[in-house]
Amino acid sequence: MKDKQKEEGFKSGFVAILGRPNVGKSTLLNAFLGDKVSIISNIPQTTRHQIRGILHLDKAQVIFVDTPGIHSFKEDLAAHLNIIAKKSTQDVELILYVVDTSRCVGEEEKKIMQFVLASRNKVVMALNKIDLGGEFLNQYMDTWRMLLKEENVKKDPVEYYIPISAVQGTKLEELIEVIKEFLSCDVPFYEKDSLTDFPLKFRIADIIREKLFWNLKKELPHSLAVEVQEIEDKEKIYYIRADIYVNRDSQKKIVIGRGGSLIKQVGILCREDLEILLKKKVYLELRVKVIKDWQSKIRILKELGYWWA
Ligand SMILES: Nc1nc2c(ncn2[C@@H]2O[C@H](COP(=O)(O)OP(=O)(O)OP(=O)(O)O)[C@@H](O)[C@H]2O)c(=O)[nH]1
Ligand SMILES: [Mg+2]
């Protein structure tokens with residue numbers, strides 16, 4: 001069967017998209033796919049899952065693995081997001097290491113560089129956000145090369161340094177051509193029409209979380225999670241019920257908003273996206289629940305898909 005599927009010159013493989021929070025990893029994944037698989041916001045730690053997006057090309061299939069941004073906070077959820085990100089570098093052909101050239105290289109970045117180097121993967125460095133001027137582009141390359149010297153590494157694992165803009169689509173075609181060089185399997189892993197294997201329940205929860213992120217001030221998003229409790233397909237309409245978890249009563253008030261205004265606005269935005277995703281009308285019921293310290297409750301982390309055992 002496999003032999004039948006084999007196509008002359010066909011190549012496929014896995015590529016982990018790795019980097020600090022907020023550098024544009026999910027934006028890049030969506031830009032590659034021309035579709036929205038991973039949620040985006042200007043708040044660090046937006047992505048909380050390992051999300052696979054499948055790019056189908058002529059004679060090639062690339063499975064991109066979007067990951068939570070790596071950082072050094074110690075709280076429970078953050079620690080798990082790091083584990084998810086780091087595990088994603090196992091069994092991949094390539095690490096697509098994304099950096100933000102509009103921000104200077106900080107200590108956190110150096111730790112990520114050390115991790116990337118220690119993982120012994122081949123690497124392509126995507127120097128993102130050049131539409132903002134690329135002020136620190138050279139600093140990233142210099143810091144990386146300095147690390148190689150310090151660690152006495154003779155052969156640079158970064159095989160290409162490519163300045164890109166995920167938002168504007170600059171140099172993405174070139175980047176894909178480069179990535180194709182690293183694919184090593186000769187049969188596809190996924191069917192031709194599949195875009196992602198990210199479970200629908202988590203995808204819907206993430207869409208709701210994205211709209212909450214967009215409507216809330218910086219700190220609160222880290223305190224909330226969304227769990228989809230029910231997805232019912234009633235022929236002409238999807239009925240979806242989801243819970244929004246926060247840590248405190250005061251946060252619940254903020255999420256609901258004055259006279260329910262914020263949650264209503266979030267609901268409207270969610271329905272627009274969900275109806276595109278599900279290709280049907282959607283009835284969405286959102287409830288806000290206070291669960292003190294949900295970030296350290298293993299059962300909840302597992303339910304949310306944030307726990308990697
Ligand atoms: N100007 C500019 N902004 C970008 C570019 N790529 C991403 N962004 C913005 O950067 C912010 C973060 O983007 P995300 O794609 O959510 O970043 P991420 O790396 O996935 O972040 P985490 O999931 O938190 O790790 C968003 O506001 C994006 O619109 C780019 O090429 N240029
Ligand atoms: Mg992300």
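Biologist: Which element gives the most to the lining of the largest cavity?

Modeller: That is α7, which contributes 4 residues to the lining of the largest cavity. Keep in mind that this is a predicted model.

Biologist: And which elements each supply at least two residues there, in the lining of the largest cavity?

Modeller: Helix α7 (200-215), strand β7 (225-234) and helix α10 (298-304) each supply at least two residues of that lining.

Biologist: Give me the residues. What is the largest cavity lined by?

Modeller: The lining is made up of H49, K201, F202, A205, D206, V226, E227, V228, E303, L304 and Y306. By class, the residues lining the largest cavity divide into 6 nonpolar, 1 polar and 4 charged.

Biologist: What volume does the largest cavity have?

Modeller: About 60 Å³.

Biologist: How many cavities of 30 Å³ or more does a search of the whole structure find?

Modeller: The search gives 2 cavities of 30 Å³ or more. The second largest cavity has a volume of about 50 Å³.

Biologist: What lines the second largest cavity?

Modeller: R20, P21, N22, V23, D100, R103, E109 and Y140 line the second largest cavity. Sorted by class, this lining has 3 nonpolar, 1 polar and 4 charged residues.

Biologist: Switching to pockets. What volume does the largest pocket have?

Modeller: The largest pocket comes out at about 360 Å³. Its lining counts 24 residues, and N22, G24, T27, I40 and S41 are the ones nearest the centre of the pocket.

Biologist: How do the residues of that lining, in the largest pocket, divide?

Modeller: There are 9 nonpolar, 12 polar and 3 charged residues lining the largest pocket. Among the elements, α2 gives the most to this lining, with 3 residues.

Biologist: Now ligand 1. Which pocket is the space taken by ligand 1?

Modeller: Ligand 1 takes the space of the largest pocket.

Biologist: Of the residues around ligand 1, which come nearest?

Modeller: There are 24 residues around ligand 1, and K25, T27, Q45, T46 and T47 come nearest.

Biologist: Where does the largest share of the shell around ligand 1 come from?

Modeller: From helix α2 (residues 25-33), which accounts for 3 residues of the shell. By class, the shell around ligand 1 has 8 nonpolar, 12 polar and 4 charged residues.

Biologist: What about polar atoms? How many Å from an oxygen atom of ligand 1 does a polar side-chain atom of S26 lie?

Modeller: For S26, a polar side-chain atom is 2.9 Å from a ligand 1 oxygen. T47 also has a polar side-chain atom by an oxygen atom of ligand 1, at 2.8 Å.

Biologist: And S41, which kind of atom lies 3.3 Å from an oxygen atom of ligand 1?

Modeller: In S41 a backbone N or O atom lies at that distance, 3.3 Å, from a ligand 1 oxygen.

Biologist: Last one. By class, what residues has the lining of the second largest pocket?

Modeller: That lining has 8 nonpolar, 1 polar and 6 charged residues.

Key
Residues are numbered from 1 along each chain as its sequence is written. Chains are lettered from A and ligands numbered from 1 in the order in which they are written. This is a predicted model: local features need pLDDT of at least 70, side-chain atom pairs count only at pLDDT 80 or more; totals for chains, interfaces and linings use all residues. Side-chain values use heavy atoms; hydrogens and water are left out. A residue is near a molecule or strand if one of its heavy atoms lies within 4 Å of it. A polar contact is a pair of N or O atoms within 3.5 Å; within protein, one must be able to donate a hydrogen and the other to accept it, and residues adjacent in sequence count only if both atoms are side-chain atoms. On a 1 Å grid over the protein atoms alone, a cavity is a set of points where a 1.4 Å probe fits but cannot get out, and a pocket is an open set with protein on both sides within 12 Å along at least five of seven lines; lining residues have an atom within 4 Å of a point. A molecule sits in a cavity or pocket if more than half of its atoms lie within 2 Å of its grid points. Ala, Val, Leu, Ile, Met, Phe, Trp, Tyr, Cys and Pro count as nonpolar, Asp, Glu, Lys and Arg as charged, and the others, Gly among them, as polar. Grid points are joined across faces, edges and corners, and a volume is the space filled by probe spheres set on the points.
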